[in-house]
Amino acid sequence: MANIHQKIRVEKLIRVAVHVGSLFPLAMVLWLMVTGNLGFNPVETVLHRTGHAAVALLVLSLAVTPLRRIFRLQFLGRLRKPLGLYAALYAGLHFAAFAVWDYRLNLNLIWMEIVEKPFLIVGLVSLIILVLLAGTSFRFWQRKLGKKWRWLQKTVYLAAGLAVIHYLLAVKGDLLTLQGAYTAPLIAGGLLILLLLLRIPFFYKPIQRFLNHQSAKPGEKE
Amino acid sequence: MADKKRHSVPLNRDEVTPKHIYQNRRQFLKQMGMVGLGALLASCAPRKPGASDIPPDAPVNGRTDELGDALTSYSAVTGYNNFYEFTTSKEQVASLAQNFETDPWSVRVDGLVNHPGVLSLEDMLANFNQEERIYRMRCVEGWSMVIPWVGFPLHKLLAEVEPTADARYVAFETAVVPDQMDAVDSGRFPFPYLEGLRLDEAQHDLTLLATGLYDEPMPPQNGAPIRLVVPWKYGFKSIKSIVRISLVAEEPPTLWNIVAPQEYGFYANVNPDVSHPRWSQATERRIGEPGRRETLFMNGYADEVMPLYEGMDLTIQF
């Protein structure tokens, strides 16, 4: 009995940690803003911080299902939605910093940037998908859309892939020869591919079996 | 999950949290949190003032460039730098470059010249009258500054060494000091940093060999002790910490052109009409100023430098 209570407590702790951790980058940006520590190029700092947070949370939200399956941790499933919503929040803030703060809503300039450059189009498409998914993430839409809802939510992979491409394109350097500061976006892209592969039974079943075998104790078999 | 049978797990004594710790767990967590928060706050603490006598945000006495734009603050000019040999993080260059050894320093001048030689920094400071030039600096990343440089026009040095009739380009090379430059061996870029100018560009009076800024010797993060400043070109052309200047016949290789030729041309003239393949160059963020401003053709130096490019299609030779 004590075990169950402990488990519930741990699960609750993890849930709280997810919310606190997800809000931390925003708190940090606000703190730096209030204390005047955003550096010499504040817009760039905020763009980088919100962008990094969005990509990291997207990757984390996509890690939920594979981890839940492999480690048989059902409660993790409940973290997927808040992680996805936070990712959409940061993507929205990222765009707001670009459009409102940097470009002062100068629609001519914004439009010129968007139509001219793949870099921005890719980011914008990713943002639109994320906002759409966030908007339809609630039960009302889940019921209303039925099967279509599940299909729609799967486009999060497209959004994540585009977000990573957007990140890669923002780096000054050459992607083909990898000369430039590509470490972080490449890690994000690698994780994304890994997480996609781990959804395929061919990859995750053997791991699951292996882990099961390792931890097999009497009474713990399903 | 719910239908799973649960058995209690046998534990050894040392696997059980001692009672007094368990009972104080909230206190413990609070303390851990404090330690973490303290570390975070410490990382935000203002940087220690440098050895310079100039206070971080010295008023710039309303000084401006010839267009009436205010000088960028000393703290921004010396605290926000691209110097990839040290780090790709612009606000960390200043601290990482503090111990960069620049005394003694000399520049080898060779190639197609009548008087090749090694010039010490002292020689150059003594032989060439040092003057102040207030120039705009436009980075290809889309930000800009107004900087009061101290230095002398490159043509004075070139006149001393006398380029031969075959010399058509000038090649520049930055120092490579792996034990003082943290990122030089990272393998991300093919250092040494190389740059080049056509001879007539190098001989233009705007082209400066800068030895200082804000009336003080060049700080390490800005390219101590001597660097190039070519104000009508994107900042990456203005090579830092120069150890070699060679007069050559063919267009010399330049670092960003080697890395990504489709994105960084040899000329790299500031041009709002020629976009970087991935982002527009139409506007820029002036450091210390809110919002964006329109980027000027040739960074505002078109009248002075356009004769250099007569008959050239600047969208092809970018």
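These entries record what I looked up in chain A of a predicted model.

**Entry 1: overall make-up.** I began with the secondary structure and found ten helices and two strands in chain A. Along the sequence, the elements follow the order α-α-α-α-α-α-α-α-β-β-α-α. I then looked up burial: 41% of the 222 residues of chain A count as buried. For contacts in chain A between residues at least 6 apart in sequence, I noted that 62% join residues at least 24 apart.

**Entry 2: helix α4(A).** I asked which residues of α4 (residues 107-116) of chain A are buried. They are L109(A), I110(A), E113(A) and I114(A). These residues lie on the same side of α4(A), because they cover an arc of only 130° around the axis. An α-helix has 3.6 residues a turn, so residues three or four places apart point the same way. On the other side of α4(A), I found L107(A), N108(A) and W111(A) exposed. I next looked up the packing partners of the buried residues: α3 (80-102) and α5 (118-135) of chain A, together with β11 (283-286) of chain B.

**Entry 3: the pair α2(A) and α9(A).** I looked up how helix α2 (residues 42-71) packs with helix α9 (residues 183-197), both of chain A. Their axes are 10 Å apart, at an angle of about 20°. Angles under 35 degrees count as roughly parallel, and α2(A) and α9(A) are therefore roughly parallel to each other. Their crossing is left-handed. From α2(A), the contact uses V55(A), V59(A), L62(A), A63(A) and P66(A); from α9(A), it uses A188(A), L191(A), L192(A) and L195(A).

Conventions. Residues are numbered from 1 along each chain as its sequence is written. Chains are lettered from A and ligands numbered from 1 in the order in which they are written. This is a predicted model: local features need pLDDT of at least 70, side-chain atom pairs count only at pLDDT 80 or more; totals for chains, interfaces and linings use all residues. Side-chain values use heavy atoms; hydrogens and water are left out. Buried means under 20% relative accessible area, exposed over 50%, partly exposed in between (1.4 Å probe, protein chains only). Helices (H or I, at least four residues) and strands (E, at least two) are DSSP runs, numbered from the N terminus. The arc is that of the directions from the helix axis to the C-beta atoms. Contact means heavy atoms within 4.5 Å. Axes are lines fitted to C-alpha atoms, for helices over the stretch in contact, and angles run from 0 to 180 degrees between N-to-C directions. Angles under 35 degrees count as roughly parallel, over 145 as roughly antiparallel, 65 to 115 as roughly perpendicular and the rest as oblique. A crossing is left-handed if the near helix is turned anticlockwise from the far one by less than a right angle, and right-handed if clockwise.
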